[in-house]
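Reader: I'm new to this one. Could you walk me through how to read it?

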Amino acid sequence: MIPQARPLLGPAEEQAALRIMQSGMLAVGPESEEFENRLGQWLATPPVVTTSNGFSALHLGLLALGLKPGAEVILPCISSCSAIRDAVAAAGGVPVFADVSSQTPNLDAASVERCLSPRTGAILCPHHLGCVADLDELLQFGVPVLEDCAQSPGALYRDQPVGTLGRVGAFSFYPTKVMAAIDGGAVASRDPAVLAVARDKRYYGGIQDDQYRLNYKLSNLNAAVGLVQLARLPELLERRRAIGQRYAQALPAMGGIVQGSVVFRFGLRTRPGRTQPLLDRLLQAQVPCRREWYFLCPAEAFPQARQWHDDFLTLPTYPALSDEQVDWIAERLARAVQPGDLLESI
Ligand SMILES: Cc1ncc(COP(=O)(O)O)c(C=O)c1O
């Protein structure tokens, strides 16, 4: 069976890792700083603060916003990862769950508005599946926005990279994300004060005072691998787009297809009652396909998230898929999807 996800780490990444292992500068070294500078250049921001993973980037991002213990953080009620909810708890915040939009699996501004209170400290907004959330709508509330770009590095909103529009952006370089540093993450911001707090809180090493800090630093080894992947990012993004296009061409009409500007995975909005039979047919044909979202809280109050949760499937678009594998999946997809399985419009 073709796996649901697989990293694309090639000879250049191997050589970079070997070079660092032989250098002995494993924890910190020149690559650590270079990766932060290059990520900042790519985003057109000051150098970012790299972290051990996407979760630590979210946690540090919330601390850098100055979130007070007990402050409320509004976030979507569904995700493919509980990191967003758990980072709020780690930062001492109280998660307040909002519904997602009918158009994208991202925060719905009207639902967010209903969640606002005098205790709101931040809005945590993932750009799920490479689909960009409606940032204009979310920014207008005047509450600090933390963009979670774990599934969307390289996506643009009004010509600006995601992760640079809110007060803070958090990135993940997990092995199966768009850009892998074997593991890793980053906090980005245009605000030097925010970056200074994230940098200070990231690591206790070498400081002796009474302040509470963490150990979320990225190793030099990860930074060296991340540098190679960052240089390859245009190629990696293009390959994902091409794979998504190949699947789309295999389907009779464009209805029901959900692809972000970064094609993290290829999404299909299905009609109620058709989802499980289609998933069964695809899995029977050995096509790597899955349901994407789960609820981070009780589901009753969230009708739009319910639809995304119940009637949505995704297929992999990772660049390590060979042309033959992509064609193989596309052909079986075309055979499995029956008339009326997909929503005509979303
Ligand atoms: C939307 C989202 N946010 C955050 C994370 C956390 O990233 P990491 O696994 O690097 O901690 C993930 C990981 O799957 C994710 O999908």
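Author: Let's start with burial: a residue is buried if 20 or more other C-beta atoms lie within 10 Å of its own, exposed if 12 or fewer, and partly exposed in between, with C-beta atoms placed from the backbone. Helices (H or I, at least four residues) and strands (E, at least two) are DSSP runs, numbered from the N terminus. This is a predicted model, where local features need pLDDT of at least 70, side-chain atom pairs count only at pLDDT 80 or more, and totals for chains, interfaces and linings use all residues. Residues are numbered from 1 along each chain as its sequence is written.

Reader: Which residues of H3 are buried?

Author: Among them are Gly-54, Phe-55, His-59 and Ala-64. Just after H3, Gly-66 takes a positive phi of about 80 degrees.

Reader: And how do I read strand pairing?

Author: Two strands pair if DSSP finds at least two bridges between them. Here, three bridges join strand E2 (residues 72-76) to E5, and the two run parallel. Glu-72 stands opposite Thr-120 in E5. On to E6 (residues 145-148): four bridges join E5 to this strand, again parallel, and Leu-124 stands opposite Leu-146 in E6.

Reader: Why is E5 largely enclosed by the rest of the structure?

Author: Because six of the seven residues of strand E5 (residues 120-126) are buried.
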